[in-house]
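I opened this notebook to keep track of what I looked up, one topic at a time. The sequence and the structure go in first, and my entries follow.

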Amino acid sequence: MIKSIFRIIYCSIFIILSSCGGGGGGEQPPPEPEPSNDLPLKVTGTLPVNGEPCSDYEEVPSDDSMVLIAFNWNEAQFADNYELAVMEGSSEVFSNIYSNLEAQVELQRGKTYTWSVTAINEFGQTPGNTYSFTTPGIRVGNYAPYAAEINVEFNTETMEMSISWVGSDEDSDALVYDVRVWEDNNLLLEEVEYSLDVLEPIIFMNTRKYSVEVISKDTAGNFSISTYSVEAP
């Protein structure tokens with residue numbers, strides 16, 4: 001009888017120990033999180049200062065007609081790389097991809113350029129706003145206008161979008177503007193040879209993406225292109 005009781009107790013202990021120790025080592029680790037698939041956020045350019053003659057530069061010893069211009073921009077969330085593009089009018093004079101937040105570019109003296117930085121990751125890219133500056137030195141012909149500084153505001157009570165901009169020119173020439181506004185990829189409005197610096201209010205839709213392009217043109221036929229994109233609230 002005692003021997004039978006001992007066997008029952010031994011079997012019970014064995015079963016309990018087997019239950020606690022079995023199954024391959026306790027709790028399983030949590031699953032890996034799914035990738036976010038987030039596009040990078042927009043880059044903000046900081047140098048050269050927008051709409052001013054450039055003061056942060058270096059001489060090019062081998063060529064008096066050129067200067068080295070310093071470019072800087074802020075880090076954009078989710079961005080892996082940055083594409084810097086420099087334009088003279090509608091012509092691209094420089095483009096390169098960087099993993100850091102600064103670059104030096106050799107450009108001609110006495111000219112007005114526009115520039116922008118596009119944030120890039122594996123899911124796509126997000127273009128930044130357009131900025132402009134004038135390189136130091138004796139001007140070559142008539143300066144092109146600075147890229148217009150575009151401002152977009154949303155009134156959620158009236159559901160109206162207000163678009164304005166500030167244009168300027170190193171030669172103080174009178175300016176006119178070609179203006180285009182897109183809702184997502186659809187052209188919403190177009191003005192040509194527009195003399196004002198503000199549009200009539202435009203009805204907007206919640207969460208839609210709006211893009212504005214302003215081409216500033218002077219009396220000598222020079223021009224600069226400025227773009228701005230924003231998502232409605």
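How many aromatic pairs does the structure hold? I was working from a predicted model, and in it I found 10 aromatic pairs.

**Entry 1: rings around Phe71**

I began with Phe71 and Trp115, which form an edge-to-face pair with 5.2 Å from centre to centre and 75° between the planes. Phe71 belongs to strand S4 (residues 66–73) and Trp115 to strand S8 (residues 112–121), so this pair ties together parts that are 44 residues apart in sequence. I checked the accessibility of the two residues as well, and both Phe71 and Trp115 are buried.

Phe71 has a further aromatic pair with Phe133, again noted as edge-to-face, at 5.7 Å centre to centre and with 75° between the planes. Since Phe133 lies in strand S10 (residues 131–134) while Phe71 lies in strand S4, the pair ties together parts that are 62 residues apart in sequence. Both Phe71 and Phe133 are buried. When I followed the ring pairs onward, I saw that they link Phe71, Tyr113, Trp115, Tyr131 and Phe133 into a cluster.

I also noted a charge over a ring, where Lys42 lies over the face of Tyr228 at 4.9 Å from the ring centre.

**Entry 2: the sheet that holds S13**

Which order do the strands take in the open sheet of four? I read the order as S14-S13-S16-S17, and the pairing is antiparallel. Strand S14 (186–194) and strand S17 (223–231) stand at the edges with a single partner strand each, so one side of each is left without a neighbour in the sheet. On average, and with direction ignored, neighbouring strands of this sheet are turned by 10° against each other.

Inside this sheet I looked at S13 and strand S16 (residues 209–217), which pair in the antiparallel sense over eight bridges. In this pairing Val179 stands opposite Val214 in S16.

Is Glu183 buried or exposed? Glu183 lies in strand S13 (residues 176–183), and its relative accessible area is 13%, so it is buried, the cut-off for buried being under 20%. I found a polar contact of 3.2 Å that joins the side chains of Glu183 and Arg208. Not counting residues up to four places away in sequence, Glu183 touches Leu188, Met205, Arg208, Lys209 and Tyr210.

I then turned to Ser216, which is found in strand S16. Ser216 has 0% relative accessibility and therefore counts as buried. With residues up to four places away in sequence left out, the residues that Ser216 touches include Pro145, Tyr146, Val176, Tyr177 and Phe223.

**Entry 3: the sheet that holds S12**

Three strands form a further open sheet, in the order S11-S12-S15 and with antiparallel pairing. S11 and S15 stand at its edges, each with a single partner strand, so one side of each is left without a neighbour in the sheet.

How many bridges join strand S11 (residues 149–155) to S12? I noted seven bridges, and the two strands run antiparallel. Asn155 has Glu160 in S12 as its bridge partner, and Phe154 has Met161 in S12 as its partner. The hairpin of S11 and S12 has four residues between the strands, and within this hairpin Met159 takes a positive phi near 60°.

S12 and strand S15 (residues 202–203) pair in the antiparallel sense over two bridges, and the bridge partner of Met161 in S15 is Ile202.

Which residues make up the covered face of strand S12 (residues 160–166)? I listed Met161, Ile163 and Trp165 on the covered face, and Glu160, Ser162, Ser164 and Val166 on the uncovered one. I set a general point beside this list: in a regular strand the side chains alternate between the two faces of the sheet.

**Entry 4: the loop at Ser90**

Ser90 lies in the loop between strand S5 (81–88) and strand S6 (91–98). Which residues is Ser90 in contact with, leaving aside its neighbours within four places in sequence? I found Phe223 and Ile225. The C-alpha atoms of Ser90 and Phe223 are separated by 8.3 Å, although the two residues are 133 residues apart along the chain.

Technical notes. Residues numbered from 1 in each chain as written. Predicted model: local features only at pLDDT ≥ 70, side-chain atom pairs only at ≥ 80, totals over all residues. Heavy atoms only, no water. Phe/Tyr/Trp six-rings, centres within 6.5 Å; stacked < 30°, edge-to-face > 60°. Buried < 20%, exposed > 50% of the residue type's maximum accessible area, 1.4 Å probe, protein only. Lys NZ or Arg CZ within 6 Å of the ring centre and 35° of its normal. Polar contact = N/O pair within 3.5 Å; in protein donor to acceptor, adjacent residues only side chain to side chain. Contact = heavy atoms within 4.5 Å. Pairing = 2+ DSSP bridges. Axes fitted to C-alpha atoms, helices over the stretch in contact; angles between N-to-C directions.
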